[in-house]
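This report looks at charged side chains and at how they pair or gather. Please keep the sequence and the structure in view while reading.

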Amino acid sequence: MTDSKYFTTTKKGEIFELKAELNSDKKEKKKEAVKKVIASMTVGKDVSALFPDVVNCMQTDNLELKKLVYLYLMNYAKSQPDMAIMAVNTFVKDCEDPNPLIRALAVRTMGCIRVDKITEYLCEPLRKCLKDEDPYVRKTAAVCVAKLHDINAQLVEDQGFLDTLKDLISDSNPMSINKLLTALNECTEWGQIFILDCLANYTPKDDREAQSICERVTPRLSHANSAVVLSAVKVLMKFMEMLSKDLDYYGTLLKKLAPPLVTLLSAEPELQYVALRNINLIVQKRPEILKHEMKVFFVKYNDPIYVKLEKLDIMIRLASQANIAQVLAELKEYATEVDVDFVRKAVRAIGRCAIKVEQSAERCVSTLLDLIQTKVNYVVQEAIVVIKDIFRKYPNKYESVIATLCENLDSLDEPEARAAMIWIVGEYAERIDNADELLESFLEGFHDESTQVQLQLLTAIVKLFLKKPTETQELVQQVLSLATQDSDNPDLRDRGYIYWRLLSTDPVAAKEVVLAEKPLISEETDLIEPTLLDELICYIGTLASVYHKPPSAFVEGGRGVVHKSLPPRTASNESTESPETAPAGPPSGEQPDVIPAQGDLLGDLLNLDLGPPVSGPPLATSSVQMGAVDLLGGGLDSLMGDEPEGIGGPNFVTPPAAAVPANLGAPMGSGLSDLFDLTSGVGTLSGSYVAPKAVWLPAMKAKGLEISGTFTRQVGSISMDLQLTNKALQVMTDFAIQFNRNSFGLAPAAPLQVHAPLSPNQTVEISLPLNTVGSVMKMEPLNNLQVAVKNNIDVFYFSTLYPLHILFVEDGKMERQMFLATWKDIPNENEAQFQIRDCPLNAEAASSRLQSSNIFTVAKRNVEGQDMLYQSLKLTNGIWVLAELRIQPGNPNFMLSLKCRAPEVSPHVCQAYETILKN
């Protein structure tokens, strides 16, 4: 019989019967009685008199009975507030029940009892349920907070429930993920897109969960709606990051991704373009997905130009040794089309194929020469531009084609093509008999050329002069005069003055700078920067994937834009590389250790948001010191001192009077006219030797941030001179720096000041003052410094070696008697002997050079024709080092004996000696 029987009875005296049944010892009878009470309540009878008897029935394990009692409570609590307080203890107890359904039921009922008297008693059980391990209980508690807020908003705020709700927003609930995956099969196509976008924002706990989600999303790839397909591809591309490449499923997934992407290319041109822009990102991240689908990207005659250009780009990205013959045949065909933009791109594509697939380079060059023979103006010009890049990639291999290129010199009218041709003539001037005539022909209209051509022409003629000095002196003077006197372009003038100074002071150095070996150009210069690519993969199927820019670049305001990134790999077979570091000081036997493993010393480095830095002695950083940086590579002393040999010879270029600013006062024609006013007071500034800047953190290891640097000591102040370069595609801000504990307590004396945001391709020079009052810990090697730099993108770690001479203090000269007593006092086993080879200085010059780096000569004597220098130096931590330097006139090898109470310092002091004496 159904429960309808409870609604049919109309007996008199029923309340007394129900009261008796509610207090019965039999569970079934009690349950029947509660059902009758609820039935009476439902049809409008007043059964509030039974309140205490019904509340007594709450103490039961029967879930059905408990639900009925709670239903009664919700209905009558308002009319019986004093009696309702009796139920509070049961609520508190039920909120800790092992059954999550009972916990949820208790918290839901609590939210429905709208009685001020008992509200405050419910706060504690509600707080526990908000942090419950079961997601269903947490969800029910969150709804209860909303109801409680309606009753008493102030109480909710005072109890901190709003903050707890904010934490719940980021709740990673697998139950909701499963519901979303189930709903995928039940909703409309636009609903599916929203669900897939939500899934793309979820980060699985491990690779198993990632694989499970991928398996359930894969069927969406065959959907008719292209937006659903792209959303599914986005989810799969993101979660594939967490799958090991060794898994069979990984290979299966790659195969499943190709057909839907190919199918998208049979849609209307506008949809094709959107699909191609997304495919462009996908092939940069995982080219293996479409490596066998090259033919799909071959251009059709009726494709719009925007589709053609995009297909060309993807063809080059998929080009490999296996399909290069097919690709080249297609590209050669495209180069004969009528659409000028398309033809230009096709010719460039041939050059990019040559750079990417080395085995095809010869065929590509041959194809380009055939195109040059067509004499079509814009084809010839594009071909010359790409051949220049091929020369850069494969030096001394295809220079035989230069003669053919020179035949087309007169037809070049585009700046890029003219600049490329000038570069080729200057770079290979020794192989071109009439190189000077060719460059002179360009020089005739120098002021009518674009800046790009003018700069290239200036460099090319300087190269020609360095290769053939006797024949081209007039030509080089002419171009330097045009670039410096007659030009108002600051870039051109600066480069002209730099070349002029180099040629006039040290032609050998000029040769080393201008004719230096060039690095090979990269295979793919137009790849999207990896960090940005990872972010764009998370935006597949959106405007960001069409623009190839993150939303923050084109969404106005950009406040609500969240930067996304791919999840880290969990597969054991792939580990992140440690950043390689370059030593700042002289090379040593071993590289410094990179930052140690997590949990070792990282605690010190990660805490970047510290208060003000440790205070140290004031640092005298002045503009004069900054000016002391040698701009020309020859050293300041070479600019101040005597004229180097060879000046005034055939290689020497005399600057005309008009080329030199009038305020310099140096005699014209001396070759030492200081174009940059470096002589004004800088020569008198004493300071220790400064090593050239080295790259400490390459851009590829730091998401586009490249850090170069060196260490200096000037007038008692130590500084780290940094050069920060942004090679990423996004602005960098919020820089901070922290040192790990180190052997001599080096620490920043001020925050890292980058006054303006660092834009893409921008470089900034910063001098960071240091002190030696930081935490001390012995490092291996002793002069190893571990550094963490933070910006708005991430925290980056690198390690470098600082030269020990930056720690040599100015009061390190010991009295003679003290020197003798200390030398005798230090045990003989602490004495270390070293040989310094190939040092052509005499005793006077060596002493003077060492003194500039705070190594002081205490006494000097000559023993059997040998000069003996007795020297002392003192480190910032108070350690004294005593030295005996033996110099035999005519012998370039010096003998160095060092005595110190901390003998582990001696090898590094010897290294400092060698660095100072040889530079």
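Predicted model: local features only at pLDDT ≥ 70, side-chain atom pairs only at ≥ 80, totals over all residues.

Side chains of opposite charge can pair when their charged atoms come close. Arg348 forms a salt bridge with Glu382, and the closest N and O atoms of this pair are 2.5 Å apart. The pair links distant parts of the chain, since Arg348 belongs to helix α21 (residues 340-356) and Glu382 to helix α23 (residues 377-393), 34 residues apart. Glu382 has a relative accessibility of 6% and therefore counts as buried, being under 20%.

Arg348 also meets the side chain of Glu416 in a salt bridge, at 2.9 Å from N to O. Glu416 lies in helix α25 (residues 415-427) and Arg348 in helix α21, so this pair ties together parts that are 68 residues apart in sequence. Through salt bridges that share partners, Arg344, Arg348, Glu382, Glu414 and Glu416 are joined into one network.

## A pair between a loop and a strand

Lys693 forms a salt bridge with Glu765, with the closest N and O atoms 3.3 Å apart. Lys693 sits in the loop between α35 (636-640) and β1 (694-697), while Glu765 is part of strand β6 (residues 763-771), 72 residues apart. Lys693 is partly exposed at 35% relative accessibility, and Glu765 is partly exposed at 47%.

## A patch of negative charge

On the surface, Glu437, Glu440, Glu444 and Glu474 gather in a patch of negative charge. Glu474, which is found in helix α28 (residues 473-484), is exposed, with a relative accessible area of 70%.

Definitions and conventions
Residues numbered from 1 in each chain as written. Heavy atoms only, no water. Patch = residues over 30% accessible without salt bridge, like charges linked within 9 Å, V, L, I, M, F, W, Y side chains within 5 Å. Areas by Shrake-Rupley, 256 points an atom, 1.4 Å probe, with all protein chains shown as cover. Salt bridge = Lys/Arg side-chain N within 4 Å of Asp/Glu carboxyl O. Lys, Arg positive; Asp, Glu negative; His and termini not counted. Charge placed at Lys NZ, Arg CZ, Asp CG, Glu CD. Helix = DSSP H or I, 4+ residues; strand = E, 2+ residues; numbered from the N terminus. Buried < 20%, exposed > 50% of the residue type's maximum accessible area, 1.4 Å probe, protein only.
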